[in-house]
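Biologist: Shall we go through this one together, with the cut-offs spelled out as we go? Please show me the structure before we start.

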Amino acid sequence: MKWMCSVLMISLSLVAWSQQDYDGAKAAVMDYIEGTAHGELDRLRNAFHPMAALYTVGEGDSIRRIPIDTYIGYFKPGRETGRQGHIVSIDVVNNAASAIVEIDMGERRFTDYILLLRLHNGWKIIQKSYTNEPYQRKGKLLFVVSSADTYGKTGYTTGVHFGEI
């Protein structure tokens, strides 16, 4: 019985630890996404390790390396960039993680492949490789789900109104 309790406690602590690591890695990635979208340079500096760099394919199939200080310099404090990003996936193993992020900016979609490490001061992005391609946004659609059968006390029945779509 003691053995089973010990195993259960260790398992629960590992689950809590891995969730904590996932949350920490996600917070660093969100600092990057939100920092670039809203010109929040402190969040950008917090997300990246000072030795981090970005990599992409440059002209003539060369590897283009951008030091993190240069990259952060592209953004102006408080200036909205129109970047809309979301996390596609995060994978965490011990003190290392990888993330895939998609960022829509104008008519281009950037796909970022991010590597992170958990250091003494938290999770930090150490490398970002990226590519981009043309992207046409299709527009927005609001889809509302409700269990109501009438619109408030009006007596009008709810249903699908294709003229509103």
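Modeller: Happy to! A salt bridge here is a side-chain nitrogen of Lys or Arg within 4 Å of a carboxyl oxygen of Asp or Glu. This is a predicted model, where local features need pLDDT of at least 70 and side-chain atom pairs count only at pLDDT 80 or more, while totals for chains, interfaces and linings use all residues. Residues are numbered from 1 along each chain as its sequence is written, and side-chain values use heavy atoms, with hydrogens and water left out.

Biologist: How many salt bridges does a search of the whole structure find?

Modeller: One of them pairs R109 with D104, with the closest N and O atoms 2.7 Å apart. Another joins the side chains of K128 and D112 at 3.6 Å, N to O. The search of the whole structure gives a total of six.

Biologist: Is R109 buried or exposed?

Modeller: Buried means under 20% relative accessible area, exposed over 50%, and partly exposed in between (1.4 Å probe, protein chains only). For R109 the value is 18%, so R109 counts as buried.

Biologist: Which parts of the chain does the R43 and D31 pair tie together?

Modeller: Their side chains meet in a salt bridge at 2.8 Å, N to O. Helices (H or I, at least four residues) and strands (E, at least two) are DSSP runs, numbered from the N terminus. The two residues are twelve apart in sequence, so the pair ties together helix 2, which holds R43, and helix 1, which holds D31.

Biologist: Which tryptophan does L116 touch?

Modeller: Contact means heavy atoms within 4.5 Å. Not counting residues up to four places away in sequence, L116 touches residues including A25, A28, V29 and I126. The tryptophan among its contacts is W123.
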